[in-house]
Amino acid sequence: MNGNDRAGEFGTIYLPALQRIRDLWLELEPLVEDTSYDDVVAPTELQISFSDGLGDAESARLDIQWSELEMYSFHYVDSDDINWRFDRHPNTHSPEIHFHPPPEAATTDAEPSCIDVTEVSLVTRAVHAMWRAAYENDDVDRLNSASNPP
């Protein structure tokens, strides 16, 4: 996601939330290969690498931001250059909580998110549930299809 996708305040990155998200993904997902931050001194993004991706992708990564205002972005990209993301932030193109579908996660393609919860652990579990359903069923249409996961 780029700054042009946001309108209004996103807020300062909240490191304890990123740490909680990292711990949950490590607990929930056996395909997690590695986790890291974009900057060890002042992180603004958590990066989670997977040993496999959706469809034919051989690897994938989630780039995650979470702010003190409980705004977030879970941005997936894989080795086949497929992108999608769950976001919560002020914008002019969709509801505050929204989903950018694959393959490009284009700003103009945003749609309402199936995730209604806002607490960090619940959002993380919901994104994981949607990713896991798409992975196990080899169907990206599953990404934004549940009724208020988790």
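Modeller: Ten aromatic pairs turn up in a search of the whole structure. One of them joins Trp 66 and Tyr 72: the ring centres are 5.1 Å apart and the planes meet at 15°, so this pair is stacked. Stacking requires planes under 30 degrees apart. Trp 66 and Tyr 72 are both buried. Tyr 76 and Trp 84 form another of the pairs. Here the centres lie 4.9 Å apart and the planes sit at 10°, so Tyr 76 and Trp 84 are stacked as well. Tyr 76 is buried, and Trp 84 is too. Ring pairs also build a cluster, which consists of Trp 25, Phe 50, Trp 131 and Tyr 135. Keep in mind that this is a predicted model.

Now the loops. Start between β4 (72-78) and β5 (83-88), where Asp 81 lies. Asp 81 is not a glycine, yet its phi is positive, at about 60°. The side of the burial cut-off matters here: exposed means over 50% relative accessible area. Asp 81 has 56% relative accessibility and therefore counts as exposed.

Next comes the loop between β6 (97-100) and β7 (111-112), which holds Pro 103. The peptide bond leading from Pro 102 into Pro 103 is cis, and its omega is near 10°. Ala 105 belongs to the loop between β6 and β7. Ala 105 has a positive phi of about 55°, again without being a glycine. Its burial is a separate matter. Buried means under 20% relative accessible area, and Ala 105 has 5%, so Ala 105 is buried. Glu 104 is also placed in the loop between β6 and β7. With a relative accessibility of 62%, Glu 104 counts as exposed.

Last, the charge. A patch of negative charge gathers on the surface, and its members include Asp 81 and Glu 104. Asp 81 comes from the loop between β4 and β5, whereas Glu 104 comes from the loop between β6 and β7. The patch also takes in Asp 56, Glu 58, Asp 80, Asp 109, Glu 111 and Asp 138.

Methods: Residues are numbered from 1 along each chain as its sequence is written. This is a predicted model: local features need pLDDT of at least 70, side-chain atom pairs count only at pLDDT 80 or more; totals for chains, interfaces and linings use all residues. Side-chain values use heavy atoms; hydrogens and water are left out. Helices (H or I, at least four residues) and strands (E, at least two) are DSSP runs, numbered from the N terminus. Buried means under 20% relative accessible area, exposed over 50%, partly exposed in between (1.4 Å probe, protein chains only). Rings of Phe, Tyr and Trp (its six-membered ring) pair if their centres lie within 6.5 Å; planes under 30 degrees apart count as stacked, over 60 as edge-to-face and the rest as tilted. Patches are made of residues with over 30% relative accessible area and no salt bridge: like charges are joined within 9 Å, nonpolar side chains (Val, Leu, Ile, Met, Phe, Trp, Tyr) within 5 Å. Accessible areas come from the Shrake-Rupley method with a 1.4 Å probe; for residues, only the protein chains shown count as cover. A salt bridge is a side-chain nitrogen of Lys or Arg within 4 Å of a carboxyl oxygen of Asp or Glu. Lys and Arg count as positive and Asp and Glu as negative; His and the chain ends are not counted. The place of a charge is taken as NZ of Lys, CZ of Arg, CG of Asp or CD of Glu.
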